[in-house]
Amino acid sequence: MSVDLPIRKIIHIDMDAFYASVEQMDNPYLKGKPLAVGGGGKRGVISAASYEARKFGVKSAMAGNLAVKLCPDLIFVRPNFERYSEISKKVKAIFYDYTDLVEPLSLDEAYLDVTENKKGNPSASLIAKEIRERIFKEVGLTASAGISINKFIAKVASDYNKPNGQKTVNPEEVISFLEQLDIRKFYGVGKVTAEKMYQKGIFTGLDLKQKTLEYLDANFGKSGRYYYYIVRGIQNSEVKPNRIRKSLAAERTFSENLSSEIFMLEKLKHIADEVSRRLKKSSVAGKTVTLKIKYSDFTLQTRSKTLPYFVSDTSIILETAKDLLYQEKMSNSVRLLGISLSNLNTETKKKPEQKSVSVQLKFEF
Ligand SMILES: [Mg+2]
């Protein structure tokens, strides 16, 4: 067999029972208990259920009053999305230590493309393991991971050894993995479609593969084409980082308005230091330095200069900001100064090249 598949190293990370686990971590009384986040009140719907509750059949999207019938001891807690989002940010920060190609699907799930990664680690499986260990150490929660050549397979795989586990589908296993896969486990095949497929005798990936593109087109509309390719291990959808930073800034508001440029320079040094530190932390550099000046009467002025090269060092940022400061006389005393760097090199970073490799090739995963 020599099927050419686009080879990328994709990790899908999925936090285990995220909202419920956060509540259990924050409130030890809830540990080990059947717990539903949301779903209180007469018509409430559950957002997340702890594993203890799931044993009783309680699931997310289930009506609270039905859930109580299944699990009479079920404890309901109100969701605290601020807290979930705070933790989600911490988890994401870990991802960015490995790659900038991070595509969050929700607060508790993301795709990572680690084909090329900041650690120079060729093994996506080991990266996933390391990330899960770090999430546990640094955040206190468990996560599961799926690792494979595209987003679809990674997503399906992350469910296999859940909770607190991971599964790698190596390039040479992709075809058989998809063939034996229950059609109900196909990501993108909803309940209704799965039923329709069952009626047509399509129970597994292999059954799906027997159908022609024309047949799938005719029976499943636009999705037919998606099913046709996905079951052959072909998915060209890239990991799309939806939060590419456009600029990085730091600023200071002063307790007393400044009118002396000497004092302003001193403040600028600290601000430039902070911008530089942030740039380096994110491994980016920028070409355009912008000085922001807010006067005591609250009018705002910005002055920019674009350099012919990318900078991240304090000294050059500070020199450029100084130039901008002296460029024009201040019209009033100053209450805030800020420096931002834009035109960042992340905007021009090339997308990873798509490689086509025969599945029979030995490939470190
Ligand atoms: Mg989850």
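# A guided tour, stop by stop

At 64% relative accessibility, alanine 61 counts as exposed, because exposed here means over 50%. Select alanine 61 to begin: you will find this residue in the loop between helix 2 (51–54) and helix 3 (64–70). Now check its backbone: phi is positive, about 75 degrees, although alanine 61 is not a glycine.

Before moving on, a word about what is on your screen. This is a predicted model. Its pLDDT averages 89 over the protein, and 92% of the residues score at least 70.

**The domains**

Domain 1 covers 18–80, domain 2 covers 174–235 and domain 3 covers 247–344. The centres of domain 1 and domain 2, taken over C-alpha atoms, are separated by 33 Å.

**The magnesium ion**

Now select the magnesium ion. Which residues coordinate the ion? They are Asp14 (OD), Met15 (O) and Asp108 (OD), at 2.1 to 2.5 Å. Along the chain, these donors follow the spacing D-M-x92-D. Methionine 15 sits in strand 2 (residues 10–15), while aspartate 108 belongs to the loop between strand 6 (102–106) and strand 7 (109–113). The two are 93 residues apart, so this pair links distant parts of the chain. Are methionine 15 and aspartate 108 buried or exposed? Both methionine 15 and aspartate 108 are buried.

**Asparagine 150**

Go on to asparagine 150, in the loop between strand 8 (143–148) and helix 6. Its relative accessibility is 2%, so asparagine 150 counts as buried. Show its side chain and look for the backbone oxygen of glycine 233, which the side chain reaches at 3.4 Å. If you leave aside neighbours within four places in sequence, asparagine 150 is in contact with Ile10, Gly233, Ile234 and Gln235.

**Around proline 163**

Follow the chain to the loop between helix 6 (151–157) and strand 9 (166–168), where proline 163 lies. Zoom in on the peptide bond that joins lysine 162 and proline 163: this bond is cis, with omega at about -5 degrees. Asparagine 164 has its place in the loop between helix 6 and strand 9 too. Its phi is near 55 degrees, a positive value in a residue other than glycine. At 46% relative accessibility, asparagine 164 counts as partly exposed.

**Helix 10**

For the last stop, select residues 213–220, which form helix 10, and show the side chains. Which residues of helix 10 are buried? They are Leu213, Leu216 and Phe220. These residues lie on the same side of helix 10, because they cover an arc of only 65 degrees around the axis. What do the buried residues of helix 10 pack against? Their partners are helix 8 (191–199), helix 9 (205–209) and helix 11 (223–230). Finally, step just past helix 10 to glycine 221, which takes a positive phi of about 60 degrees.

Conventions:
Residues are numbered from 1 along each chain as its sequence is written. This is a predicted model: local features need pLDDT of at least 70, side-chain atom pairs count only at pLDDT 80 or more; totals for chains, interfaces and linings use all residues. Side-chain values use heavy atoms; hydrogens and water are left out. Buried means under 20% relative accessible area, exposed over 50%, partly exposed in between (1.4 Å probe, protein chains only). Helices (H or I, at least four residues) and strands (E, at least two) are DSSP runs, numbered from the N terminus. The arc is that of the directions from the helix axis to the C-beta atoms. Contact means heavy atoms within 4.5 Å. Donors are N, O and S atoms within 2.8 Å of the metal (3.2 Å for Na, K and Ca); water is not among the atoms, so sites may look incomplete. A polar contact is a pair of N or O atoms within 3.5 Å; within protein, one must be able to donate a hydrogen and the other to accept it, and residues adjacent in sequence count only if both atoms are side-chain atoms. Domain bounds come from an automatic or database domain assignment. pLDDT is the predictor's confidence in each residue, from 0 to 100.
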